[in-house]
Structure formats: structure tokens, C-alpha cells
Amino acid sequence: MGAKGCEGAPGIDVAVVGAGIIGVACALQLARQGLRVTVLDKQAPGLGASFGNAGHLATEQVFPIADMSIVKRLPAMLMDPLGPLRLDVRHLPRALPWFLRLLLNLRSAPFARTVAGLRALNEHSLAAWQRVLGPIGQLPLLKEDGSLLVYERPESHGLVQGLSSRFQEQGVPVEPWGREAIRLSAPQLSEHLQGGLFFPATAHMLDPYAVVCGLAAAARAVGVQFRQCEVLGGALTATGITLRAGAGSVHAHRVLIACGAHSAPLVKALTGIRVPLDTERGYHLMLPGEQERLPFAVTSFERRFIMTPMHKGLRLAGTVEFAGLKQPARMARAWQLHRLSQGLFKKALSTEGATPWMGCRPSLPDSLPVIDQVENGRVLLAFGHQHLGLTQAAITADLIAQLATANAPSAQLPDTVPYRLARF
């Protein structure tokens, strides 16, 4: 999470470490339960990984972030600096144990647990977002228009059909679309597209950063304090938690660790557990002159990236890079997204005024987040959502509020057992 120091005033019920979409959504829900909440981050709300996500509420993505084919692609990952999946050679010694655990989690039993865990969160995600955004007047930023996966090559037809069957087996609403359906709904897409899959129960945000800012404003309105400082460590005390923050300290009854890819050191300091957390560095390219190109998010099956229409333009996002937290961004990967778009439209996308971005998404090798409370309730945990942080933020906030208040489990919420820290 180094900017200013911050001193903790007495009477903090929950100190939330992390001002991304997860931390801010949780802070708002905790405050609505009557708790005194302070959010700590070295940046202003929403300026980390939450600033540049793809904007897609990916409720259809119930499968892990990788499959066994990753073994075949590993040499190509090391060789292609601009491919959709890249592993930096300098990060290889740290990444190999993580990849080994990922592969072990692709065995049938753990794979099935992952799918069930992702499905349970995703099935509740849109309703949770509606409950959060409605009362604060931000529901217009949520566009429930579905999303489309397209394919270009005739030989991809069978693979896409198989994928459709897998989605149907998991209860994910999906509709096979042919060329005519694509032409009628997204007429600016190229006519050489063979077909696709439409997901009617997905959605997208018109401005993900504005969503975080709106949640932060709503949180402030119910008493949440935001302090800009870097949390450097912490310790359990007889009365709660002490966090080393900048040049000072913050004392609270409980802490919520929600600082994404930066969560592991604080988890280790407060619980003694070393979580196998790595970062998927994701890139986007924002095209401000292309607001009207698409009616909904469109993903390319072969090219493996997504295009999401937003208020400020068309956001091209995707690619996964494993290079740790400290390596500088390789912005050529962001510009590569424009090259990937070429041929998908009747008319090429304009890059005038385009801006590249990179952010670090927190990923665990079983593709499930940690949503839990430990240390007799003094440590709450909400991190590791990989590329589903935006999708699962609102339902995660509901679950954290339930855990923090010891409320009886609600029928509206999934069981938290699959997301417990103890699995590590």
C-alpha cells in the first residue's frame, strides 16, 4: 500500500486497509451496520487496480483462471513479450511454486470446488450491486445489457459449442448467436465473424472509477473516515489491532485486510499464515473517441481480450502478465490491445487521445478469494478476487458485514466456507 503518516483516534471499530472497490464497498456496508470505520490507503479511493478494470461484471466466468493447457503454453509465455499470457523470466523463481499449486488445483475435485465457489459468488453479484447502487443514486452506471463472446475461425465453432455446453451445465444463461444476430445487435463488428455466445445475465459499468468514488462519498456520508497513509505492518493486541501507518500508528478493535495484491505481508504479520498470493498484471487501452462502437462488452475467443463501452470511450482490456509488484509496466502490452482489435470491426478503431494503463490484480492458485474472519474476529479478510474484483465486490461487502456483525446467514448470501483462510 507512501505518502503521509496518520494517527489513529480512539473508537475505531474497523480499520479497513485498502481503498479499492473491495475495501470501499466493505467500508460502506460495515458503517451501515453501525460500526465506526476508517479506511487506510496510500492512494485516494479507487486509484489502484480498481481504476482501470475492464468494467465487465463477469457473472458468466465460473471457471478457474487457467486450465491444463497452460502447461503447453508455458514456453510461449516465456518467449512472447506481447502475448495474452506472459511470465517474466525474472519472476520465474517466485512464480513456479504458485503455478505448481495452480496445476494441483486443476485436478477434478479441487477444480469442482473452485467452480462451485465462483458460481455461488457470481450468481449473487448483480443483485448485490443493485442493492448497493440503488440507494446512492448510481444505478444508471450499471448497464444490464449482457455481453458477447465472438469467434472468427470456422475451426473454433466446435470449441465454442463445447464451451457453451459447459456453461449450461453450470446454470449460466447462454445463447448461441449466428452472424445475423451479431449484425443486428452490433452492426459495427466485422461481417467475417462466424458467430458467438451471448450472456444475457451479465452487465458492465459505464465508469468503474466513478463507481468507487460514489461508494466513497456514500461511505463518508454515513461516517466513514478516509486517511491517506501507507500501512507498513501491524500486530494483535489485547484490545484489538495496532497498525504501523506512515510515521504513526492506528489502533482499532478490528482490521479488514482488503488491499488486493498487497495483502500477503499484513496477513502474515497478523495471522502467521503465508498466503500464496501473486499478481496478474492487467492492462487496458482507453479509446476516448469510440463511445458508440458497441452496445455491450464484447470478448474475442481467439484473441483473448475484451472491449467494453463506457462513458469516456471504449476500453480494451485483457492480457495476463506475471511479473510481480515491482517491475515497471510494459505499456507496449496495452498498445498491443489496439492491434488485437484490428479486423474485428468494419472500420478500424481510432487511437486519437488513447491512454494506456496497468494494474495489479490479486490472484490465488485456486482462483477463489479469501472472505473470512480469524483471530477471534479481530482480523477480517477480503482479497484475492483476481480478475473478478469488480464483479464480486458488492457481494463480498455483504458477506464481510455479515461476518463482522455475527448476523445469522442470509438466504440472499452464499456460504463463506469455500473462501476461508484456513484452506492454506
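In the predicted model, Ile241 is in contact with Ala235, Leu236, Val250, His251, Ala252, His253, Arg254, Val255, Leu270, Arg378 and Val379, leaving aside its neighbours within four places in sequence. This isoleucine belongs to strand E12, which spans residues 240–245. Ile241 has a relative accessible area of 2% and is therefore buried, the cut-off being under 20%. From Ala25, Ile241 is separated by 216 residues in sequence and by 21 Å in space, C-alpha to C-alpha.

The largest nonpolar core comprises 55 residues. Within this core, the residues with the most contacts are Ile21, Leu30, Trp129, Leu215 and Leu256. At least two core residues are supplied by each of strand E1 (14–17), helix H1 (21–32), strand E2 (37–41), H4, strand E9 (203–205), helix H7 (208–221), strand E21 (379–383) and H10. Another core, of 26 residues, lies apart from it and includes Ala252, Val267, Leu270 and Val275. In soluble globular proteins, nonpolar side chains tend to be buried together. The surroundings of Leu215 consist of Ile21, Val24, Ala25, Leu28, Trp129, Val132, Ile136 and Gln138, when residues up to four places away in sequence are not counted.

Helix H4 (residues 108–133) packs against helix H10 (residues 389–405), with axes that come within 7 Å and cross at roughly 80°. The two helices, H4 and H10, are therefore roughly perpendicular to each other. On the H4 side, the contact is made by Leu118, Leu121, Asn122, His124, Ser125, Ala128, Trp129, Arg131 and Val132. Helix H10 contributes Leu390, Thr391, Gln392, Ala393, Ala394, Ile395, Asp398 and Leu399. Of the residues in the contact of H4 with H10, 10 are nonpolar, five polar and two charged.

Backbone geometry was also examined in two loops. Most residues other than glycine have a negative phi. In Arg304, however, phi is positive, near 60°. Arg304 is situated in the loop between strand E16 (297–300) and strand E17 (305–310), and is exposed, with a relative accessible area of 51%. A positive phi, near 50°, is also found in Glu375, which is placed in the loop between strand E20 (370–374) and E21. Glu375 is partly exposed, its relative accessible area being 28%.

The mean pLDDT is 93, and 96% of the residues reach 70 or more. Over residues 1–5, the pLDDT is below 50, although this stretch has 21 contacts in the model beyond near neighbours in sequence. Where pLDDT is low, the predicted coordinates should not be read in detail.

Methods
Residues are numbered from 1 along each chain as its sequence is written. Side-chain values use heavy atoms; hydrogens and water are left out. Axes are lines fitted to C-alpha atoms, for helices over the stretch in contact, and angles run from 0 to 180 degrees between N-to-C directions. Helices (H or I, at least four residues) and strands (E, at least two) are DSSP runs, numbered from the N terminus. Angles under 35 degrees count as roughly parallel, over 145 as roughly antiparallel, 65 to 115 as roughly perpendicular and the rest as oblique. Contact means heavy atoms within 4.5 Å. Ala, Val, Leu, Ile, Met, Phe, Trp, Tyr, Cys and Pro count as nonpolar, Asp, Glu, Lys and Arg as charged, and the others, Gly among them, as polar. pLDDT is the predictor's confidence in each residue, from 0 to 100. A nonpolar core is a set of buried Ala, Val, Leu, Ile, Met, Phe, Trp, Tyr and Cys residues joined through side-chain atoms within 4.5 Å. Buried means under 20% relative accessible area, exposed over 50%, partly exposed in between (1.4 Å probe, protein chains only).
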